[in-house]
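Here's a quick briefing for anyone opening this model for the first time. Have a look at the sequence and the structure, then read on.

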Amino acid sequence: FSIHSSCNSCEPFAGSLHLLQFFHFSIREAEVDGRTGIKANYTTRMGKHFGELAKVRGLITYKLSPFEQKAFAGVMKSGIPNTVRRCAENFWRVVPPFVASYLVYTETEKRHDKLMRKNPDDFLCDV
C-alpha cells in the first residue's frame, strides 16, 4: 500500500484509506466523492505476478529502461556482416541435402510419369 508523496489530494483521506490495505491498492489520485468519501484511480494487485513468485537472495540484477536503449545499435557495423558470415559457414551443411532431395524428387516424378503412360504396342490388335 503506498500513497505517493507528491500527491497532495491523498492527505485528507489518509485515515479512511486504511481499509484498502487488505486489497493492496496503489492509490494514485484521490478526490472527494459523495457516496464513498473517496474516488480513486488505482491498480489492483491481487496475488503475485510472474517474476514476483519467489524471493531470490544474493542475486543482483540491473535494468536499463527501454527508452535508454538503442534498438538498432550496431546493425550496419556488426549485424549484417555477422548474418553473412553465419550463412556462409552453414552453406555446406544446408545446401547439399536440399539439392540431393530435389534431384531425388524430380527423378522420381519423371519415372512415375513414364510408368503411368500407356504402352502403344499393347493396343495394336484392338479395333
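The count of salt bridges here comes to two, where a salt bridge means a side-chain nitrogen of Lys or Arg within 4 Å of a carboxyl oxygen of Asp or Glu. Keep in mind that this is a predicted model, so local features need pLDDT of at least 70 and side-chain atom pairs count only at pLDDT 80 or more, while totals for chains, interfaces and linings use all residues. Residues are numbered from 1 along each chain as its sequence is written, and side-chain values use heavy atoms, with hydrogens and water left out.

**Salt bridges**

- Side chains of opposite charge can pair when their charged atoms come close.
- One of the bridges joins arginine 85 to glutamate 89, at 3.1 Å from N to O. These residues sit four apart in helix α1, which means about one helical turn separates them.
- Arginine 85 is partly exposed at 38% relative accessibility, and glutamate 89 is partly exposed too, at 47%. (Buried means under 20% relative accessible area, exposed over 50%, and partly exposed in between, with a 1.4 Å probe and protein chains only.)
- Lysine 110 and glutamate 107 also meet in a salt bridge, at 3.6 Å from N to O. They are three residues apart in helix α1, so about one helical turn lies between them.
- Lysine 110 counts as exposed at 55%, whereas glutamate 107 is partly exposed at 46%.

**Overall layout**

- The secondary structure comes to one helix and three strands, and from the N terminus on the elements run β-β-β-α. Helices (H or I, at least four residues) and strands (E, at least two) are DSSP runs, numbered from the N terminus.
- Among contacts between residues at least 6 apart in sequence, 15% join residues at least 24 apart; a contact means heavy atoms within 4.5 Å.

**Surface**

- The accessible surface comes to about 12100 Å², and 60% of that belongs to carbon and sulfur atoms. Accessible areas come from the Shrake-Rupley method with a 1.4 Å probe, and for residues only the protein chains shown count as cover.
- Phe72, Val75, Met76, Ile80 and Val84 form a nonpolar surface patch, with about 560 Å² of accessible area together. Patches are made of residues with over 30% relative accessible area and no salt bridge: like charges are joined within 9 Å, and nonpolar side chains (Val, Leu, Ile, Met, Phe, Trp, Tyr) within 5 Å.

**Aromatic rings**

- The count comes to one aromatic pair. Phenylalanine 91 and tryptophan 92 form it edge-to-face, 5.0 Å centre to centre and with 85° between the planes.
- Rings of Phe, Tyr and Trp (its six-membered ring) pair if their centres lie within 6.5 Å; planes under 30 degrees apart count as stacked, over 60 as edge-to-face and the rest as tilted.
- Phenylalanine 91 is partly exposed at 37%, while tryptophan 92 is exposed at 67%.

**Confidence**

- The average pLDDT (the predictor's confidence in each residue, from 0 to 100) is 74, and 64% of the residues score at least 70.
- Confidence is highest in α1, at 95, and lowest in strand β2 (residues 26-31), at a mean of 42.
- Over residues 17-33 the pLDDT is below 50, and this stretch has 53 contacts in the model beyond near neighbours in sequence.
- Where pLDDT is low, the predicted coordinates should not be read in detail.
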